[in-house]
Amino acid sequence: MPAKAFVNLTLQRLFKYFINMATTTEVLQEVVIKFAGDSGDGMQLTGSQFTNNTALLGNDLATFPDFPAEIRAPQGTLPGVSGFQLRFSSDMVYTPGDECDVLVAMNAAALKVNLKSLKKGGKIIANTDGFDAKNLRLANYPDGINPLEDGSLSAYELIKVDVTKMTREALKDITMGTKEKDRAKNMFVLGFLYWMYNRNMDSSIAFIKEKFGKKPEIYESNIRALQAGYNFGDTIEITGVTYTVAKARMQPGTYRSIMGNQALAYGLIAFSDKSELPLFLGTYPITPASDILHELSRYKAFGIRTFQAEDEIAGITSAIGASYGGSLGVTTTSGPGMALKGEAMGLAVMLEIPLVIVDVQRGGPSTGLPTKTEQSDLLQAYYGRNGECPMPVIAASTPSDCFDGVYEACRIAVEHMTPVIFLSDGYIANGAEPWRFPKSEDLPAVKVSFKTDLGHGEEKFQPYLRDEKLVRPWAVPGTPGLEHRIGGIEKQNITGNVSYDPENHQLMVKIREEKVEKIAEYIPEQHLDSGPEKGKILVIGWGSTYGVIKSTVAELQAQGHEVSHAHLRYIRPFPRNLGDIIRNFDQVLIPEINNGQLIKIIRDKYLVDAKGYNKIMGIPITKSELLEVLKKMLA
Amino acid sequence: MNTTAIPAQPTLTAKDFATDQEVRWCPGCGDYSILAQVQKVMPGLGIPKENIVIISGIGCSSRFPYYMNTYGMHSIHGRATAIASGLKASRPELSVWIVAGDGDALSIGGNHTIHLLRRNFDVNMMLFNNQIYGLTKGQYSPTSEEKKVTKSSPLGSIDHPFNPLALAMGADASFIARSMDRDPKHLQEILIRSYKHKGASFTEIYQNCNIFNDGAFEIFTEKSSKPEQALFLEQGKPLIFGAAKNKGIKLDGLKPVVVEIGDSAGVDDLWIHDEKDFYKAQVLVRMFDDPYKDEHLPRPFGVFYETDRACYEDVMTMQIEEAIAVKGKGDLDKLLRGNEVWTIN
C-alpha cells in the first residue's frame, strides 16, 4: 500500500474510533450468498475463495457453481452470467439453499438472471460500473431504465459500489494496463465481503501468493484490490453492521473443504495406495469430468499413471489394457463419452477384468447442457450396451461421498473381477462441502489376489474357472505357466476358449448375470437415512438429490409426518433388503433430475406403483418444490 | 506389478509358441505363413514366453492371439492399438505385439494407429494388409485400389486408398517396414528388426486373401514378376532390382527414376539406402505406383526408416521417478489432510 494511502486510512480509522462509530456485529444462523457476474469476472474463483475461508471457520456449508458452457460467452449478456452460490451455517446444511440472502451482481445481466432467487429484504451488492448504458442494453433492460436508480429494488437492501473505479484507484501506481487491472475487481469484492462477514483474509492472501507469487504485478494487484475492498467496507461504513456465523455443531473431528471431483480423485488414489494396485487412468477431457484427470495427473509420486488418450474409446480401452496387465484401470467421462465407451464396456464384461468407469453426468442428450447437472445417464449405465451386458452401478450422493463411493466401486471391481460404473454429476463434481477426512489406517482393507501359479492338481490354467462368488482368477502377463488368451468372442465356460455353442452361450449369459447379482451378498443392506421403518411415504433417491430430499423429509418429520428417506448407493445390484423396505410404505416417491429413470428400474424390479418427481432443467431440485409434492401426497 | 525374476529358460522352439486351438483361417490364407514366421522368430528373441503379449482387434488376422501360446487378447474392432498403449504404459517391461488388418488398423482404428505411432510406445505393430474386408465377406477396404469391384462397390470403389507407410511416416513412426507373406525369410528378418527396434515399429505385411482378393500382391510375390516389381532395401546398399540386377533407382532431384545400370548410369549414381535418412524416407514410402501401369517404379520392401526417439512409457516412468525423488513417495494421510483444516470439538 502506498504510504500516503496508508496514512489516510489510519487517520480515518482513528477518527472513527474517537467519535465512537465502531461497527456492530450481528450473529446469524446461516447465510446464502450468490456471487454473480460475467463469465470473465472471476466469480467461480471468488466463490471458492470465500468458501475455503468459510470452511476454515468451522461452518457447515454447501455450494452450487453454475456457469455457462462457453469459456467467455458474449460479455455482459444474460447467457454469459456465471454464478456461485454458497450457503454456510451454524447448523448442518444439505443443500446450497433455494433462495439467497445476499446477491453480488457484477453487472446488470447478473442482477436480472438472479434477482428471482433473492429473498425479499435481501442484500444486493451491485457493481455500479456494470450498470452503464451498454450493460443495461445487453441485459435487455428497456432504454433509460436502470434498476439501481429507478426504485424497483426498494424491496431489497441495495449496496452500490463502484468496484471498477475503486479497483483502478487502488492499483493506480502499478504499471499495468487498465484491462489487466480490471481483472482484480473480483478480489475487491472478495475483500469487501470478508469485511462484511468479519473474516481474516490470510487464506486468500496465501492463495494469491501461491498462484501469482512468480508474477509480481499480478500478485501485487490482487493483494491490493483485496485489501482495498476490505478497507472500503471498514472505512465507508455502508452498512454499519457486519455479520458472523458461529461454528456448526458438526460431529467432532478434523475437517477440510472438498469438492466432488477432488474427492473422487482422492478415493482412487486411496484405493490404489491401500490395495497396492497401480492406478492407471485412461481418459479424454470432457466437462464436467476433466478435473479428475487434472487432479490425478498431479500425484505422480503415488505412482499414478494418467494417459490423456486420443478419444473416449482409447480412454477406456487403454484402461482395459492396463487392467489386463494388473493395474486398476480407470476411465472418467460424461454422458457423450459414456455412449462412445459402450462397446469397450462390453469387452470388459466378457474379459471379466476389473475396471472403473466414472460418469460425471451432465445435461443430455448429445452435447446437451455440458455445464449443467442431470441424472439422465442412469439407464445408459444400467442397460446401454449391446447384448446381455450386466455391470454393477454405484452412485455418489454428495461431494465428499465421492471418496467413499469410488473406493467402494474399486473394491467391487477388483474383488468381483468386473467393470463397475460409478455415477456422479456436475452438481456433485463442482460442489464443495466440509469433509471429516479419514485416516488411511481406517480405510477398509482390500483383498487383491493375482493367480501366481497352477494350483495343486491343475494341469492347465483355466481362465474362466470360478470361485464361490463366480469370480474368475486374475492372471497377469509376466506370470510363467499361466499364458492364456481372452477376448470379446463368447467364452467356453471354464476354459475361456472361443465357443459358439448355443447351450454354452445361454449358460455364460446367465453366469455373468448371476455374478453381478451375487455382489448383493457382499454389500451392506439398505438403511433408511431418516424416518420410521413403516409409514406413509418412502422417498427413494440416488445421487445428488441427497441433500434436498434429506432436508425436505426432515422438515416433514418435524411436523409429525410418517415420511422416510432411503438413498441408494448401490443401484445394480440393489441391496438385498430394498424390496422389504419398499413394501413397508403406502406410497413411494422417487425424485430425480431426469425424466424418470430409477423409477423404471424400481417398478420393474419390485412391481411397486412408485411416483416420480422429475425436474429436467439442468439445475437441482429445490426444497420448496419437493415439499409441495410431498404435502400433496400426504393430503 | 513387477515381473518376477526369470530363471534360465530351456531353449524354446516354434512349437512351444503354438496352442492347442485349431487354426481356422481359410486354407491357403496368407495368415498361415505369417503365423509360422512369428512362431519361428519368437524363440530366437530371447523373451520369456510369459512376457509376450499379443493384442489384436477384429478381422480374420485378429484371431492370431488364439494361436500363440503367450499372453494375448482378441479385443474389439480397431482398438488393439489403444489397448496395447495402456498395457505398455503400465507394464513397460512386457513385449507387446499388435496384430491388425487393414480395416482394423486404418479404417475403424485409424485414429488409434496414428496416435500409437506418434507417442512411440515400444511395441511391434504388424499390419496384415490384404486390401479387402475378409471377415465380412468381401467389401473394399481403406487400402483397396480405386475402381475395385467388390460386394459393396459393384461399379468400382470410388475411395482413394491409403498408402500405409506414408501414413506411418506422417504420424512420425520411428520404424517403418514392409514385407510379404510369401517371402518367409524376408518376413522373419523384418520381424526380428521390428522387435529389436526400441520404439513403435510399423510393419506392413502384404497378405494374400485367396477367397476375396486373390492375387492382390502376386505381381510382387510370384517368381515370374517379383524380381522386376519388388525392390529389396538393404542398408548402405544401392537400390537395385531386376532379374539380372541390372536396374536401379536414381534420384533426379527429389524424384526417383529407374535407370539401367550400364553405360548411362553406374552403380555409383544410384540411390544408396539409408534407413536413418528422414527426408529420403519420405520419398521412399511414396514409391507406391500402380504396378500395372507403364513406367511405374518397383515397390520397395524392407526397412524404410528407423530413428531413435524417446518412448512414451519410459518418459512416463521417468516423470513418476522424478516426482518421487523430489517430493518423496506419496503420503496418503498428507494428501487427505490437505493444507487447510479445522477442528470441531
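In strand 13 of chain A, A:V356 is the bridge partner of A:V330. Helices (H or I, at least four residues) and strands (E, at least two) are DSSP runs, numbered from the N terminus. Strand 12 (residues 328–333) and strand 13 (residues 355–361) of chain A pair in the parallel sense over 4 bridges, where pairing requires that DSSP finds at least two bridges between two strands.

The structure is a predicted model, in which local features need pLDDT of at least 70 and side-chain atom pairs count only at pLDDT 80 or more, while totals for chains, interfaces and linings use all residues. Residues are numbered from 1 along each chain as its sequence is written, chains are lettered from A and ligands numbered from 1 in the order in which they are written, and side-chain values use heavy atoms, with hydrogens and water left out.

An open sheet of 7 strands in chain A has the order 11-10-12-13-15-14-20, with mixed pairing. Its edge strands, each pairing on one side only, are strand 11 (305–308) and strand 20 (570–572) of chain A. On average, neighbouring strands of this sheet are turned by 20° against each other, direction ignored.

Also in chain A, the axes of helix 8 (residues 202–212) and helix 9 (residues 216–236) come within 9 Å and cross at roughly 165°. Axes are lines fitted to C-alpha atoms, for helices over the stretch in contact, and angles run from 0 to 180 degrees between N-to-C directions. Helix 8 and helix 9 of chain A are therefore roughly antiparallel to each other (under 35 degrees counts as roughly parallel, over 145 as roughly antiparallel, 65 to 115 as roughly perpendicular and the rest as oblique). Residues in this contact (heavy atoms within 4.5 Å) include A:I205, A:I208 and A:F212 of helix 8 and A:Y219, A:I223 and A:L226 of helix 9.

In chain B, the axes of helix 1 (residues 30–45) and helix 6 (residues 184–196) come within 9 Å and cross at roughly 50°, which makes helix 1 of chain B oblique to helix 6 of chain B. Among the residues that meet are B:I34, B:V38 and B:V41 in helix 1 and B:L187, B:L191 and B:Y195 in helix 6.

The contact between the chains takes 78 residues from chain A and 65 residues from chain B. About 5700 Å² is buried between chain A and chain B, and carbon and sulfur atoms give 61% of this area. Buried area is the accessible area (1.4 Å probe) that two parts lose on being put together, summed over both. In chain A, A:R305, A:E310 and A:R485 lose the most area to chain B, together 13% of what that side buries.
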